[in-house]
Amino acid sequence: MDETGVRPTAEQVLALAPDAASRKAGTKLGTAGPWSDTGGGGAEGAVWGLCAGSGGKPYRTVVDITGPAYTCSCPSRKFPCKHALGLLLLLASDEQAVDGTAPAPGWAEEWLAKRRERAGERGTGSPAEAAPGKPADPEAVLRRAERRAARITAGATELEQRLTDLLRGGLAAAEQSGYGLWEETAARMVDAQAPGLAGRVRELGAIPGSGPGWPVRLLEESALLHLLSTAWLGRDRLPEPLAATVRTRVGLPSAAGSAPVRDHWLVLAQSDSSDGKLITRRIRLYGRDSGRSALVLSFGAAGRSPQLGLPVGLMIEAEILPHPGAGQLRADWGRQFGPPGPIEGPPPGGSTGAAIEAYGSALRADPWLDSVPVTLRQVVPVQRGGGGWQLADADGESALPLASTGLSRSGLWKLAALSGGGPLTVFGEFGHRGFQPLAAWAEDLAGTVPLT
Amino acid sequence: MTSTTSTNATSTSTNDATTPWEKLVVSALLGTDRRTPPTDLTGGGKDAPVALLDAAALHTVRRRAGLLPARAGHRPEAAPHDGRRPLPEAAGRRLALLLADRSAPSGGGRRGAAPDLGELLPQWLAAANQQGYRAPAAALPALLDAARARTDLRPQTLMFTGPRGLWLAGLNPEWKFALRGAPGSSALPRARDAEAVGRLWEEGLFAERIALLSAVRAEDPETARALLATTWGTERAEDRLMFLDSLRTGLSAADEPFLEQALSDRSRNVRSTAAELLSALPGSAFAQRMAARAATCVSMDRTGGGQVVVVEAPHECDTDMQRDGVLPAPPTGRGERSWWLGQLVEAAPLGTWPARLGGRTPEEIVALPVLDEWADELHAAWCRAAVRQRDARWSAALLGPPSASPAGGPGTGPGTSSLAERAQLLATLPAAERSAWIASFISAHGLSEAFQLLGVCAVPWAEPVGRAVVDALDIARDAGSYPWSFSGVMGLAERCLDPAEAARLELLTATPDEPEGASPGAGGYWSEAFQRLVSTLRLRAAMLAELTGPGTPYGERRGEPLGAPSGAP
């Protein structure tokens, strides 16, 4: 294999799988047996091969590793399909199985050439111009925006009414009224085209069943929702960055607006969550040169993996296109320069105290912020009574409790195993719910260990 | 110091609200109609619910912005250092794949052409342990989960996960199994630490005591026997049986006095186990007593020219015999006298017989005709004796030539006709002899009888065994049957064939023309089965190459057992 190329690790490949069944099926195909005419890898940035299936004609599979992007002649509706996963696993695990010197056969070259062409087109224009569709009539756009703002205003006003009614009657009553009340209110917010408000209302509905201390949490979240709807109603009087934050929190679509930021981006974590209809993939990045954090979201319909997947633990030179909004990190993935390479080490980090400070100051710009990305240096995972865990400074008395939600069992035990009772570096998100570890580095071990 | 989770701890009781925040919570809980929020907090002038929400929002953001760290809990003791080498990179990637395959449920039905990775994990672990690698820290949870689900994986997994694995298992009750019976487990005191050993022996759980006894015995048999003797009289019968059974490993003449004593145990099962162990010590007084008894029953026929064996089975089972573990009551369907004879011959040292039967060799003795249809009984007892005493010469003689019909029956061969007995006899032969015998057996009789026998072969299979199996599979394919009739052997072959055979097998992966009268589609399924076999062998070769690194060709390590196939008896 060409030494400029970076082979994905098996874990990175398996993270691309849309579901457990694909992971299993892909693993079975990750051996030389069913494959023939394989080639690529390395500087090519692509890998291809023929995979024998149950039928007579083998499937033609091509993966552009730099994307990654996939094509396969199989009829599977999963994306990536098991053949693409198998091919990547083969590349990951078997040095000899993929011929790095073979030229791409016609059927693979055709698809790769098309991709290069498209990438070239995107590269020449500015990102805003690259957006598909015809330039719209500016007046019509404005009219539509005004109509939507009016509907959101009506929705926010109604929400205010419902919140004051709730407080007038008392939260204790909310426990009896059950989930239906909130579902109905959330549906009203969807009608009002304010998905951000709808999402928060739905979360309120889950709080009364969430165990001891729920009235406090319900009051906190109701108050922040009230803060958001009144902020929307008074958005004309807010400074622009805060107004932009309010607009995105309410759920108006935000578009990458400001200038692209080119950097060497460390891909620190990738995690998927699903609400049953939509899979949301969160990819967390750190810019080696700018010191900037970014969050790239990618979406997929149920059963389909989101289009964008970046190799966790590697570094990619690329542009990102940040969305507006104070204190928010959302960005779109832009042009990419060259294949991913190894990262030299974790991002710079600090103590538990520094993490708390970072969250505190971020709240000034965005009071609805649940957490901020931070890297903790020299911390030890400590098991508390009752199954809780915390990360404690190796040389101090301070600690951050681990968030009880969102932390997978396997991630937690990986973290403990990696530490072995000693200090390590952990990247994660810290906020009022605690610290959620996402990746870790141990002193005696090369590479990034994903915890998601 | 305020904890970051203090929001959860706020009292919701209505009577003792003291802080401004608590007053807000009480008002919110009861409703502003019933409890007006304090105006010093809300400023007044606004509708009460709005004023309350405003104040709560301010408080919430202020509280979040002013979080304080929690007090650090008690730091865990650091995991002991593991001095073994880290895994080579490629081997680490392979392990991740094997473990990932394990976690996904396997879909039933046809197996297809791809290898079953989960089946290769035991071999991978054994090879990694042989090479002295330590497990990558991040893989420890998945390894411990795998060992938790499959007990057959435990010894190799625990050896591989090493001291850090034990350290981690100590934190998670789901992995408690690792703390018991692990080799060098931290839960077991050192054999020399008499006080700790004594305490665990007195107070430990049964499993811990068994593990302790085995560990101490491995290091110092005498101390182990002394330990056992301290409490022997007070143990429950089933526990005595298990403790006695643990003497099987490393059995030596030094154990004789203890076993001799156990012959007069209250429990019949303990007595017969003690007798069985003693009979594996041909020099013991017990063995001599049994030899004397057995010899009176078996002799050359003096009337018929001295070329025939006559058997005079015992007429009674006296108390001395019973004390030596001979069971007086036969199972249903067996005669008393042949039952007693069988037990005597089985427990008598095989060395008794050449002298007793005219100075003949074992081969000559086994070939002798036996009067009055006692041959089967006598041969079966000799088989059991050969296995018990691990006597390769007698085993070979009793097995007879591999070409003899496996169906057995009177007069077909000198030895045994039972496959289970044959497998046991084979296990006592040296590896090369064993392989040669099994290979000839398969060539002569095909695969249907061979499954049990293959289980006793060293892995990877020696060349003659592998060739015989592949040839037999090829013949079965040509005969037109379906491959799943041979799925057991096929599965064994995937795990046990020498990976060097892969190239030769490549020829068989082509889909052949269907011969007349063949089962429909069988050719395609055979091709698929052979593809899987070839790719599994390639995978095993790659796997082992990754672990051994360049310069240690896999072929040099032929004959080492790499984990018993799960289908073995």
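## Strands and how they pair

Strands are DSSP runs of E with at least two residues, and helices are DSSP runs of H or I with at least four, both numbered from the N terminus. Two strands pair if DSSP finds at least two bridges between them.

This is a predicted model, in which local features need pLDDT of at least 70, side-chain atom pairs count only at pLDDT 80 or more, and totals for chains, interfaces and linings use all residues. Residues are numbered from 1 along each chain as its sequence is written, chains are lettered from A and ligands numbered from 1 in the order in which they are written, and side-chain values use heavy atoms, with hydrogens and water left out.

Let's start with strand 11 (residues 389-393) of chain A, where 5 of the 5 residues are buried, meaning under 20% relative accessible area (1.4 Å probe, protein chains only). A:Trp389, A:Leu391 and A:Asp393 point one way from this strand, while A:Gln390 and A:Ala392 point the other way.

On one side of the pairing story, strand 10 (residues 371-383) of chain A runs antiparallel to strand 11 of chain A, joined by 5 bridges. Here A:Gln383 stands opposite A:Trp389. The two strands form a hairpin with 5 residues between them, and A:Gly386 in the turn has a positive phi of about 80°.

Strand 11 of chain A also pairs with strand 12 (residues 398-401) of chain A, again in the antiparallel sense, over 3 bridges. A:Ala392 stands opposite A:Ala399 in strand 12 of chain A, and this hairpin has 4 residues between its strands.

## A look at helix 6

A:Arg151 lies in helix 6 (residues 138-169) of chain A. This arginine, A:Arg151, has a relative accessible area of 45%.

Methods: Buried < 20%, exposed > 50% of the residue type's maximum accessible area, 1.4 Å probe, protein only.
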